[in-house]
Amino acid sequence: MLSDSPSHYGSITRCLHWLIAILVILQLTSVFFNILWEGNVYSQGVVQWHTTIGVGILALMAIRTLWAISQLRHRPEHRGALQKVAIWGHALMYLVLLLMPLSGMASTWGSGYGISVFDTAYWTDADVPWAAAFGQIHVPLSWFLSTLVTGHIVMAGYHRLIRRDDTLHRMIGR
Ligand code: HEM
Ligand code: HEM
């Protein structure tokens, strides 16, 4: 089934979730591993695509947000005491995943470097101080996103291993 239903997420939601998850994990781990082991092969390979992957995430997140709004009425419900935490946590991840690439793009565009996608820089030589200033939230936001994602993965493990409910299965598709 393409659409979501009260018992599971449909294939469009699942594809978008896992594709964006892989891209976000590539972005975060490539930068953080480089801080730990500077110049390692993995980071060097991925970081050169940082802006391209980031712009891709923005495009996918725009589609995902519109899709999620269209599915709101028939998505699986959150249960238990942490219901509100799950709803707000997911909403916050949407917001941060939109702000992350937007702030990165504002940073490079506002400082005159343009926006690089597949080795081509678009809209170079701009000098827009407010955009460059907005770009300064990019790094702190990356730490906040890492915290959110870590908490999210821990909660997925908690549902699977401790509560033993169907939360992970409905996002995997079984
Ligand atoms: C969801 C998408 C993105 C994620 C998760 C992400 C993540 C990160 C991370 C973790 C850092 C390093 C933070 C640190 O040094 O501690 C970083 C730095 C940077 N990112 Fe992104 N990024 C994304 C999208 C973008 C985009 C679309 C652009 C530009 C078009 C961009 C441009 C930059 C720049 C220029 C830096 C260096 C900033 C600095 O050191 O001051 N990023 N990003
Ligand atoms: C960067 C990585 C990730 C991001 C940004 C992310 C984001 C999200 C978001 C926003 C949702 C809400 C549903 C939606 O609108 O799509 C969600 C649901 C979910 N995610 Fe992730 N996710 C990530 C990685 C993972 C990983 C690695 C796992 C498994 C270990 C996982 C398991 C789940 C599950 C089980 C749900 C359904 C939760 C529920 O229905 O209560 N996610 N994720």
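This is a predicted model: local features need pLDDT of at least 70, side-chain atom pairs count only at pLDDT 80 or more; totals for chains, interfaces and linings use all residues.
The shell around ligand 1 draws two or more residues from each of α1, α3, α4 and α6. In total, 19 residues surround the ligand. Val31, His50, Gly104, His138 and Ser142 are the closest of these. By class, 11 residues of this shell are nonpolar and eight are polar. No charged residue takes part in the shell of ligand 1.

The iron atom of ligand 1 is coordinated by two histidines of the protein, His50 and His138. Each is listed with its NE2 atom, at 2.0 Å. The two histidines come from distant parts of the chain, 88 residues apart. His50 belongs to helix α3, which spans residues 50-71. His138 belongs to helix α6.

An N or O atom in the side chain of His50 lies 2.8 Å from a nitrogen atom of ligand 1. For His138, a side-chain N or O atom is likewise 2.8 Å from a nitrogen atom of the ligand. Trp143 approaches an oxygen atom instead: a polar atom of its side chain is 3.4 Å from an oxygen of ligand 1.

Ligand 2 takes up the space of the largest pocket. Around ligand 2 there are 22 residues. Tyr9, His17, Arg64, Tyr94 and His152 come nearest. Four helices each supply at least two residues of this shell: α1 (11-36), α4 (83-110), α6 (138-162) and α7 (167-172). Helix α1 gives the largest share, six residues. The shell of ligand 2 comprises 13 nonpolar, six polar and three charged residues.

Tyr9 places a polar side-chain atom 2.7 Å from an oxygen atom of the ligand. In His17, a side-chain N or O atom is 2.8 Å from a nitrogen atom of ligand 2. His78 has a side-chain N or O atom 2.9 Å from an oxygen atom of ligand 2.

Helices α1, α4 and α6 each give at least two residues to the shell of ligand 2, and these helices also give two or more residues to the shell of ligand 1. Helix α3 is listed for ligand 1, while α7 is listed for ligand 2.

Technical notes: Residues are numbered from 1 along each chain as its sequence is written. Chains are lettered from A and ligands numbered from 1 in the order in which they are written. Side-chain values use heavy atoms; hydrogens and water are left out. A residue is near a molecule or strand if one of its heavy atoms lies within 4 Å of it. A polar contact is a pair of N or O atoms within 3.5 Å; within protein, one must be able to donate a hydrogen and the other to accept it, and residues adjacent in sequence count only if both atoms are side-chain atoms. On a 1 Å grid over the protein atoms alone, a cavity is a set of points where a 1.4 Å probe fits but cannot get out, and a pocket is an open set with protein on both sides within 12 Å along at least five of seven lines; lining residues have an atom within 4 Å of a point. A molecule sits in a cavity or pocket if more than half of its atoms lie within 2 Å of its grid points. Ala, Val, Leu, Ile, Met, Phe, Trp, Tyr, Cys and Pro count as nonpolar, Asp, Glu, Lys and Arg as charged, and the others, Gly among them, as polar. Donors are N, O and S atoms within 2.8 Å of the metal (3.2 Å for Na, K and Ca); water is not among the atoms, so sites may look incomplete.
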